[in-house]
Amino acid sequence: MRISDVLNHLRGDFPHVSHSKLRFLEDQGLITPVRTPAGYRQYSPADVERLRFVLSEQRDSYLPLKVIKERLAAMDAGEPAPGPSPRPAPDGPGEDSRRRWTVESLAGTTGTSVEFVESLVTAGVLQPSGDTLDGSAAEVVRIVQRLTEHGIEPRHLRPLRSSAARHVALVDQAVAPYRSHQNGNGGTVAGELAAELGDLLARLHTTWIRQGTDGTV
C-alpha cells in the first residue's frame, strides 16, 4: 500500500502521524518499505503493524527510538514481542510529587546519561533546588529525549521554559486573593483554582501549537 493508505490506517489511533514522521522513522532504520521501479514506497501489512508498534511505544511508554529499535531487532531475531511498557505515572499530589532526584538518580531512572541531564540544567530546562530536582523532572527528561530525536535541542527550549514561568506568575496573581481569605479553606480554593487555570493555559497553548502546525505537513 502507498504511504497515504498507511496514514489512513494509522490515524485512527495516531491522529498526528504524518508523511514526514514515517519518512523520519525510515531514515532511522525502524521501517524499510520496498521501492517500486519508479521509486515509490510500498508498505506491507507487516510494515503497518511495525509502525503501529513503534508509535505505540513512543506515545504510551515514552521510549526513545534507540530502545524501540533494539526491541524490534529482538523481535526480528525471533524473540517474543515485549508486552506494553508501563507509562510513567504523571507527578501529582502525593509521594511522587515530593520526590527529589539527584542528577545521577534521574539519569538512571530515565535511561539517559548524566551528561544529558546536566545539559538540561545548563540550558535552564531543569531548575534544581540546591543539589536536587523535583519529581516532575523525570517527565521533563523523557519528553526532551523525544524532542532531541527530531533535532530540537535543550537550548531551543529556553523560550518555552520562560513562557511557562510567566504563565505560573499569571496563575499566581489570579489566585492570590483566595490565599488571603481567613475562612480556613482559602488554601484549598486557591489550589483548586490554580490547577484549573494551569490546565486551561496548557490547553490553550496546545491548541495554538496545533493550529500553527496543521499546515506544515
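Predicted model: local features only at pLDDT ≥ 70, side-chain atom pairs only at ≥ 80, totals over all residues.
Figure 1. The protein exposes about 13,400 Å². Carbon and sulfur atoms supply 55% of that area. Among contacts with a separation of 6 or more, 56% join residues 24 or more positions apart.

**Figure 2. Order of helices and strands along the sequence.** The protein has 10 helices and 2 strands. Read along the sequence, the pattern is α-α-β-β-α-α-α-α-α-α-α-α. Strand 1 covers residues 34-35, and strand 2 covers residues 41-42.

**Figure 3. Packing of helix 1 on helix 3.** Two packed helices are described by the angle between their axes and the distance between the axes. Helix 1 spans residues 3-10, and helix 3 spans residues 45-61. The two pack at an angle of about 50°, with axes 11 Å apart. Helix 1 is therefore oblique to helix 3. Their crossing is right-handed. Helix 1 brings Val6, His9 and Leu10 to the contact. Helix 3 brings Val48, Leu51, Arg52 and Leu55. By class, the residues of this contact are 5 nonpolar, 1 polar and 1 charged.

**Figure 4. Packing of helix 2 on helix 3.** Helix 2 and helix 3 pack at an angle of about 100°, and their axes lie 12 Å apart. Angles of 65 to 115 degrees count as roughly perpendicular, so helix 2 is roughly perpendicular to helix 3. Lys21, Leu22 and Leu25 make the contact from helix 2. Leu51, Val54, Leu55 and Gln58 make the contact from helix 3. The residues here divide into 5 nonpolar, 1 polar and 1 charged. Leu51 and Leu55 of helix 3 also belong to the contact with helix 1.

**Figure 5. Buried residues of helix 2.** Helix 2 covers residues 19-27. Its buried residues are Lys21, Leu22, Phe24, Leu25 and Glu26. Lys21, Leu22 and Leu25 also take part in the contact with helix 3. The buried residues of helix 2 pack against helix 1, strand 1, strand 2, helix 3 and helix 4. Helix 4 spans residues 65-76. Just after helix 2, Gly29 takes a positive phi of about 85°.

Figure 6. Pro33 sits in the loop between helix 2 and strand 1. Its relative accessibility is 6%, so Pro33 counts as buried. The cut-off for buried is under 20% relative accessible area. Leaving aside neighbours within four places in sequence, Pro33 is in contact with Glu26, Arg41, Gln42, Tyr43 and Asp47. Ile3 lies 30 residues away from Pro33 along the chain. The C-alpha atoms of Pro33 and Ile3 are separated by 9.6 Å.

**Figure 7. Packing of helix 6 on helix 8.** Helix 6 spans residues 103-110, and helix 8 spans residues 137-148. They pack at an angle of about 55°, with axes 10 Å apart. Helix 6 and helix 8 are therefore oblique to each other. The crossing of helix 6 and helix 8 is right-handed. Leu106, Thr109 and Thr110 form the helix 6 side of the contact. Ala137, Ala138, Val141, Arg142 and Gln145 form the helix 8 side. This contact has 4 nonpolar, 3 polar and 1 charged residues.

Definitions and conventions: Residues numbered from 1 in each chain as written. Heavy atoms only, no water. Axes fitted to C-alpha atoms, helices over the stretch in contact; angles between N-to-C directions. Helix = DSSP H or I, 4+ residues; strand = E, 2+ residues; numbered from the N terminus. Parallel < 35°, antiparallel > 145°, perpendicular 65-115°, else oblique. Left-handed = near helix turned anticlockwise from the far one by under 90°. Contact = heavy atoms within 4.5 Å. Nonpolar A, V, L, I, M, F, W, Y, C, P; charged D, E, K, R; others polar. Areas by Shrake-Rupley, 256 points an atom, 1.4 Å probe, with all protein chains shown as cover. Buried < 20%, exposed > 50% of the residue type's maximum accessible area, 1.4 Å probe, protein only.
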